[in-house]
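Work through these exercises on aromatic rings. Try each task before you read its solution.

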Amino acid sequence: MAVYFLFLCLTAVFGAPNPKQVQEVELRMPQVQPQEPDTYLCKAMEVKDAHTYLTGFVPHADAMIAHHILLYGCSVPGGDVDEVWNCGEMNSHSTKYRSGSVCAEGSNIIYAWAMDAPKLNLPEDVSFDVGQDTPIKYLVVQVHYKNVDPFLPPSNQQDSSGLTLLSSSVPTSRKAGVYLMVTDGEIPSHSIEYFEVACRMPENPNLEIFPFAFRTHAHTLGRVISGYRIRDTIWTEIGRQDPRLPEMFYNATTPGLNIVKGDILAARCTMENTLERSVSIGSTQNDEMCNFYMMYYVERSKLLEVNTCFSQGPPTWYWKDFEGLNLENLPKTVSVIPGTEKPLLRNATYPNVARETNGRFEDINDLDPSVRDIQPDELLSLVRQLEEEDQPELLNTWRREELAPEYLNEV
């Protein structure tokens, strides 16, 4: 009963479209049998009407088998509508499915699902516009199969994971789009690292977008992912979430926020690697991902032409490498898991770096010179935290060792 109540609460976040206008369209795998873990399969359908308005998405999948599902809009799909093709980034030894890209032309992410997230209904006056008179003439569902044991002998099961699309022929007053912020990069073993990305809005001065929902995605090392709009050096939160929770689209944390030309969009994934090996961004379950999805609407004008923001990530690129962010105004909660209070601080070699234990920091003899690698803004935050917790010995030791004195002298 509690699970059912939670399901009702989550699906009610965005409201529900008028059922009299809704049609259900199935886009699911046709009883496939992937043979290798981390196989990505795609299935396409043509949107034959001039305009169709997508108002909701109902997932059909088991999180133990399907790691995630993505719905793409394409001008031209990467495969034929009557076939299933291998559309993953990794090389596959399987010969059962032909390999190809998700979209051959005009790729747009529309929806994403993972970790048993519930269905999504868009706000009553918002929809995704697809069809032959739009850039999105085909819809492609991609399923990432993490576990393929049920499909191998002796079970030999088949799968029909996918989506039920809720659509309408009645146009809405607002048109939806998705903007993705994503990074490359690597996190060393036994460390906390920041995967950061930022881009400036490149569009014409007449374009105004309104973010109304967000989704975060990482694999096992992600602890908190946060996204922001920066205008005139002021940071405003779009969304912040623990990616270990159900990966649904959540309401934006700042309602009514707008984004215009000149604004900066930025996101950070705070990762914690307790493994004995480094982990890089990649497509398998042994790799990591750092994705912040921003769902937005426009008042029936053009959507963003550039729908992805990318950075090389650590150790090559951080926010400090982007001009105009003004890290002095960085929100204190950027690396704080919702529901907790303490930020996760970047370091290169923990657990040797002094760490918090039961509200106190470990002995100063555990302090490692790698603390020099902490970014200036995070170093300031940590120093202020030490002062608040009345630990002058550790603070004076840092000053005596001349760890970034130009920053320590500011506090």
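How many aromatic pairs does the structure hold? The structure holds 10 aromatic pairs. Rings of Phe, Tyr and Trp (its six-membered ring) pair if their centres lie within 6.5 Å.

This is a predicted model: local features need pLDDT of at least 70, side-chain atom pairs count only at pLDDT 80 or more, and totals for chains, interfaces and linings use all residues. Residues are numbered from 1 along each chain as its sequence is written, and side-chain values use heavy atoms, without hydrogens and water.

**Exercise 1.** Classify the pair Phe210 and Tyr297.

Solution. 
- Planes under 30 degrees apart count as stacked, over 60 as edge-to-face and the rest as tilted.
- The ring centres of Phe210 and Tyr297 are 5.1 Å apart and the planes are at 15°, so this pair is stacked.
- Phe210 sits in strand E16 (residues 208-217) and Tyr297 in strand E23 (residues 291-298), 87 residues apart. Strands are DSSP runs of E, at least two residues, numbered from the N terminus.
- Phe210 and Tyr297 are both buried, that is, under 20% relative accessible area (1.4 Å probe, protein chains only).

Definitions and conventions
Helix = DSSP H or I, 4+ residues; strand = E, 2+ residues; numbered from the N terminus. Buried < 20%, exposed > 50% of the residue type's maximum accessible area, 1.4 Å probe, protein only.
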